[in-house]
Amino acid sequence: MSAKDLISNEIPALFPTMRTSEALTLMDELKVNALPLIENGHFICLLTEKELLLVPDANEPLGTPIGFSLSVRLTTHIFDILDRMTQSDFDILPVVGEDNEYKGAITRKNVLRSMAQLFDTATPGAVIHLEMNHHDFVLSELARLAEQNNTRIINVFTYPDYVSGRLQVFMKVDQDDATYFLRSLERFSYNVVAHYQRDLITDEVMQRRLDELLYYIEM
């Protein structure tokens, strides 16, 4: 997933002939802290609300001031986009083509929506958090254990914890209740930090005891 897939049609551009007051009104209506300034179809810079509020005469044309030139290419990957947005604190990120030709802008909302799609958050299933040494991470082995428990790993992502020096692994599986898979992981000495699943009773012994208790209460 790259920048060309994330461009929003909701973000208008600013032009040098527009007044500062017009630009501020647009930012207020869209609830963004910056908008791209375009001239002859080319990206000039990002103008921020903070900068425009310092302009003495809000009725003066924007012109072509020097501002933030932060932008991404059409082929920039979503991970790089997320990193740049996080570091810049801007609500939008301009997308440019060859010769700085303006192609559109990406919003934080679009990035968040696309990340949710990438991580398949809408699909039901439990999430398991493991911690391990880097060399112990073998996805095929985890998939084998999951399959042995009639479970399928539908998503996995990792990140290094630079404090502990260990790898954090997050898996999403296709079962709302991954109790049996969790037991297998623990049996094979995987460190299960946490798991997130629906509160279901799947253990047959526990279910039978609960049924017996309810029957006794009803008597």
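This is a predicted model: local features need pLDDT of at least 70, side-chain atom pairs count only at pLDDT 80 or more; totals for chains, interfaces and linings use all residues.
Helix α5 itself spans residues 139-148, and its buried residues are L142, L145 and A146. These three cover an arc of only 100 degrees around the axis, which puts them on the same side of α5. An α-helix has 3.6 residues a turn, so residues three or four places apart point the same way.

On the other side of α5, the residues S140, E147 and Q148 are exposed. The buried residues of the helix, by contrast, pack against three strands, β6 (127-132), β7 (153-161) and β8 (166-173), and against the helix α6 (179-187).

## Nonpolar cores

The largest nonpolar core has 23 residues, and those with the most contacts inside this core are L14, L35, L47, L52, L62 and I92. Two or more residues are given to this core by each of α1 (20-30), β1, β2, β4 (92-96) and β5 (102-107). Apart from this core lies another, of 18 residues, with M132, L167, V169 and L185 among them.

## The loop at G41

G41 is placed in the loop between β1 (34-39) and β2 (42-48). With a relative accessible area of 35%, G41 counts as partly exposed, because that class lies between the 20% limit for buried and the 50% limit for exposed residues.

When residues up to four places away in sequence are not counted, G41 touches N100, E101 and Y102. G41 and K103, which are 62 residues apart in sequence, are 8.6 Å apart in space, taken C-alpha to C-alpha.

## The largest pocket

The largest pocket holds about 170 Å³ of space. The residues that line this pocket are S8, N9, E10 and I11, then L30, V32 and D91, and finally T107, R108, K109, N110 and R113. Helix α4 (residues 108-118) provides the largest share of the lining, with four residues.

By class, the lining of the largest pocket is made up of five charged, four polar and three nonpolar residues.

Technical notes
Residues are numbered from 1 along each chain as its sequence is written. Side-chain values use heavy atoms; hydrogens and water are left out. On a 1 Å grid over the protein atoms alone, a cavity is a set of points where a 1.4 Å probe fits but cannot get out, and a pocket is an open set with protein on both sides within 12 Å along at least five of seven lines; lining residues have an atom within 4 Å of a point. Grid points are joined across faces, edges and corners, and a volume is the space filled by probe spheres set on the points. Ala, Val, Leu, Ile, Met, Phe, Trp, Tyr, Cys and Pro count as nonpolar, Asp, Glu, Lys and Arg as charged, and the others, Gly among them, as polar. Buried means under 20% relative accessible area, exposed over 50%, partly exposed in between (1.4 Å probe, protein chains only). Contact means heavy atoms within 4.5 Å. A nonpolar core is a set of buried Ala, Val, Leu, Ile, Met, Phe, Trp, Tyr and Cys residues joined through side-chain atoms within 4.5 Å. The arc is that of the directions from the helix axis to the C-beta atoms.
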